[in-house]
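Please walk me through this fold, from its overall layout to its charged pairs.

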Amino acid sequence: MATAKSEDRPPPTRRRSGRDGMVASTAAASAVRQLDELITNEPVGVTSVEPLDDGWVVEVEVIEEHRIPSSADILALYEIELDTEGDLVAFRRTRRYARGKSGTGNEGS
């Protein structure tokens, strides 16, 4: 049964970027594919996707160094900028860290 509060809320909308209507999942997949072509390390997953007026910014976590045990792996976070068509404009490693460690900066780089 719907409450009065939920009836007052507008339905959720999908944010789209640019005139081609690319959705976040398409931007994320494009970013991972293109990053995989540029680096030799293994992409693990997408950590964020953000629409811009002229494209998308996607952050992808990558295994930089496999270690034993795997809890000692070194990971990195890459920021990928895409245009409205999903083509790579720029990428950069923004952070490097040990798996399971939190914090900011470029620990271990």
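Which residue takes a positive phi in the hairpin of β3 and β4? Gly 86 does, near 90°, and five residues lie between the two strands. This is a predicted model, where local features need pLDDT of at least 70, side-chain atom pairs count only at pLDDT 80 or more, and totals for chains, interfaces and linings use all residues. Residues are numbered from 1 along each chain as its sequence is written, and side-chain values use heavy atoms, leaving out hydrogens and water.

Start with the layout. The protein chain has two helices and four strands. From the N terminus, the order is α-α-β-β-β-β. These elements are DSSP runs numbered from the N terminus: helices are H or I with at least four residues, strands are E with at least two. Strands β3 (residues 74-82) and β4 (residues 88-98) run antiparallel and are joined by nine bridges. Strands pair if DSSP finds at least two bridges between them. Ala 76 has Arg 96 in β4 as its bridge partner.

Now look inside. Of 109 residues, 30% count as buried; that means under 20% relative accessible area, while exposed means over 50% and partly exposed lies in between (1.4 Å probe, protein chains only). The largest nonpolar core has 13 residues. Such a core is a set of buried Ala, Val, Leu, Ile, Met, Phe, Trp, Tyr and Cys residues joined through side-chain atoms within 4.5 Å. Leu 35, Tyr 78, Ile 80 and Leu 82 touch the most other members. Helix α2 (24-38), β2 (55-65) and β3 each supply at least two residues of this core. Beyond its neighbours within four places in sequence, Tyr 78 is in contact (heavy atoms within 4.5 Å) with residues including Leu 35, Val 60 and Phe 91.

Turn to the charges. Side chains of opposite charge can pair when their charged atoms come close. The structure holds eight salt bridges, each a side-chain nitrogen of Lys or Arg within 4 Å of a carboxyl oxygen of Asp or Glu. Glu 79 and Arg 92 form one, with their closest N and O atoms 2.5 Å apart. This pair links distant parts of the chain, β3 and β4, 13 residues apart. Arg 92 is partly exposed because its relative accessibility is 34%.

Glu 37 and Arg 33 also meet in a salt bridge (3.7 Å, N to O). They are four residues apart in helix α2, so about one helical turn separates them. Glu 37 is exposed, at 60% relative accessible area. Finally, Glu 64, Glu 65, Arg 67, Arg 93 and Arg 96 are linked in a network of salt bridges.
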